[in-house]
Amino acid sequence: MSLRELVVLGTGSQVPTRTRNQNGYLLRWDGEGLLFDPGEGTQRQMLFAGVAASSITRLCLTHFHGDHCLGVPGVVQRLSLDGVPHPVVAHFPASGAEYFARLRRASVFHETAELVEAPVSEPGVLAHGAFGRLVARRLSHPVESFGYQLIEPDSRRMLPERLASLGVHGQAVGRLQRDGAVEVGRRRVELSEASEPRRGQRFAFVMDTRLCDGVFELADQADLLVIESTFVSADAALADQYGHLTAAQAGRVAAECGVRKLVLTHFSQRYPDPAVFRAEAAESFGGEIVVAADISRVAVPARQPERSPAG
Ligand SMILES: [Zn+2]
């Protein structure tokens with residue numbers, strides 16, 4: 001079975017606390033490892049979480065506030081130190097290219113790993129791969145900020161019993177998948193006879209932002225939504241002033257967008273009890289809520305057979 005999970009490395013906004021490192025999230029998605037917003041100390045958090053540098057295939061930065069990028073130097077140097085053989089693609093707001101250039105060459109090191117810069121200047125599809133499409137959407141924060149979305153296309157799951165009863169074996173299975181039909185003896189077998197719809201999965205990563213269209217576009221139908229909830233409703237004015245969300249807003253986004261599993265994170269240190277974030281989000285969202293903790297793992301929910309026509 002393919003491995004799809006979020007490894008939470010850090011969950012604190014702005015400053016580390018005794019219980020929360022600055023941000024950091026690795027999404028393991030089959031063979032890909034997307035490292036989002038590595039804050040200061042991410043390299044050590046990776047050690048605690050059992051994440052090897054070699055598991056990183058992409059680096060995705062939402063924006064250049066320090067708690068979302070000060071871990072880049074350590075991670076980048078570690079790629080070379082560990083001799084990571086595959087190229088790592090780095091996405092970040094193009095307006096911050098100057099900062100990225102400094103972060104990736106923050107100090108002297110023997111650079112052997114290949115880091116491919118792929119700055120984001122416009123929202124849209126950034127990459128296609130075995131994972132489907134990696135998409136960026138513009139967020140609303142005092143500095144330019146982009147959120148990310150992984151969209152696996154819908155496909156079909158082959159049914160072995162049906163294949164056997166229809167007499168489709170060996171290479172004919174591949175032809176059926178590729179061409180949509182195959183001749184077996186004198187009979188033409190259609191793909192729909194031997195398979196069922198398989199709904200593609202979606203992941204969304206929404207960091208520092210006020211509520212805006214981009215938030216809803218990113219969260220749309222997400223199986224797993226990771227979203228900042230820096231504040232609670234009592235401090236909604238502060239959230240708006242500094243370009244952040246409240247947990248109540250995050251819950252509303254999840255409910256309106258048909259999200260299956262909601263991960264709240266990026267907490268302000270002013271709240272000692274994280275239970276308040278869950279309670280606020282649960283007022284509008286009835287699905288599973290995870291209040292993210294450092295060094296934890298959150299599974300991408302198991303597939304649903306088919307997206308409902310209304311969804
Ligand atoms: Zn920020």
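**Stop 1: the aromatic pairs**

This predicted model holds nine aromatic pairs. Select F36 and Y148 to see one of them. The ring centres of F36 and Y148 are 6.1 Å apart, and their planes meet at 55°, so the pair counts as tilted. Now colour the strands. F36 sits in strand β3, while Y148 sits in strand β9 (residues 146–151). The pair therefore ties together parts that are 112 residues apart in sequence.

Are these two residues buried or exposed? F36 is buried, at 2% relative accessible area. Y148 is buried too, at 0%.

F203 belongs to strand β14 (residues 202–206), so its pairing with F36 ties together parts that are 167 residues apart in sequence. Both F36 and F203 are buried.

**Stop 2: a threonine in helix α1**

Go to T42. This residue is in helix α1, which covers residues 42–49. T42 counts as buried because its relative accessibility is 1%, and the cut-off for buried is under 20%.

What does T42 touch? Leave out residues up to four places away in sequence. Then T42 touches L9, N21, N23, G24, L35 and V75. Show these side chains together with T42 to see its surroundings.

**Stop 3: the largest pocket**

First, the space itself: the largest pocket holds about 320 Å³. Its lining has 16 residues, and the five you selected, S13, Q14, T230, Y242 and H244, are the closest to its centre.

How many lining residues fall in each class? The lining of the largest pocket has four nonpolar, nine polar and three charged residues.

**Stop 4**

Hide the surface and select C212 and C257. How many disulfides does a search of the whole structure find? The search finds zero. C212 is in no disulfide, and its nearest cysteine sulfur, that of C257, is 11 Å away. A disulfide needs the two sulfur atoms within 2.5 Å. C257 is likewise in no disulfide, with the sulfur of C212 as its nearest cysteine sulfur.

Check the burial of each one. C212 is buried, with a relative accessible area of 17%. C257 is buried as well, at 5%.

**Stop 5**

The last stop is about the backbone. Most residues other than glycine have a negative phi. Now look at two residues with a positive phi.

Select D30. D30 is not a glycine, yet its phi is positive, about 55°. Where is D30? It lies in the loop between β2 (24–29) and β3 (32–36). D30 is partly exposed, with a relative accessible area of 36%.

Finish at Q221. Q221 is not a glycine either, and its phi is positive, about 60°. Look for Q221 in the loop between α6 (213–219) and β15 (224–228). Is Q221 buried or exposed? Q221 counts as buried, at 15% relative accessibility.

Conventions:
Residues are numbered from 1 along each chain as its sequence is written. This is a predicted model: local features need pLDDT of at least 70, side-chain atom pairs count only at pLDDT 80 or more; totals for chains, interfaces and linings use all residues. Side-chain values use heavy atoms; hydrogens and water are left out. Helices (H or I, at least four residues) and strands (E, at least two) are DSSP runs, numbered from the N terminus. Buried means under 20% relative accessible area, exposed over 50%, partly exposed in between (1.4 Å probe, protein chains only). On a 1 Å grid over the protein atoms alone, a cavity is a set of points where a 1.4 Å probe fits but cannot get out, and a pocket is an open set with protein on both sides within 12 Å along at least five of seven lines; lining residues have an atom within 4 Å of a point. Grid points are joined across faces, edges and corners, and a volume is the space filled by probe spheres set on the points. Ala, Val, Leu, Ile, Met, Phe, Trp, Tyr, Cys and Pro count as nonpolar, Asp, Glu, Lys and Arg as charged, and the others, Gly among them, as polar. Contact means heavy atoms within 4.5 Å. Rings of Phe, Tyr and Trp (its six-membered ring) pair if their centres lie within 6.5 Å; planes under 30 degrees apart count as stacked, over 60 as edge-to-face and the rest as tilted.
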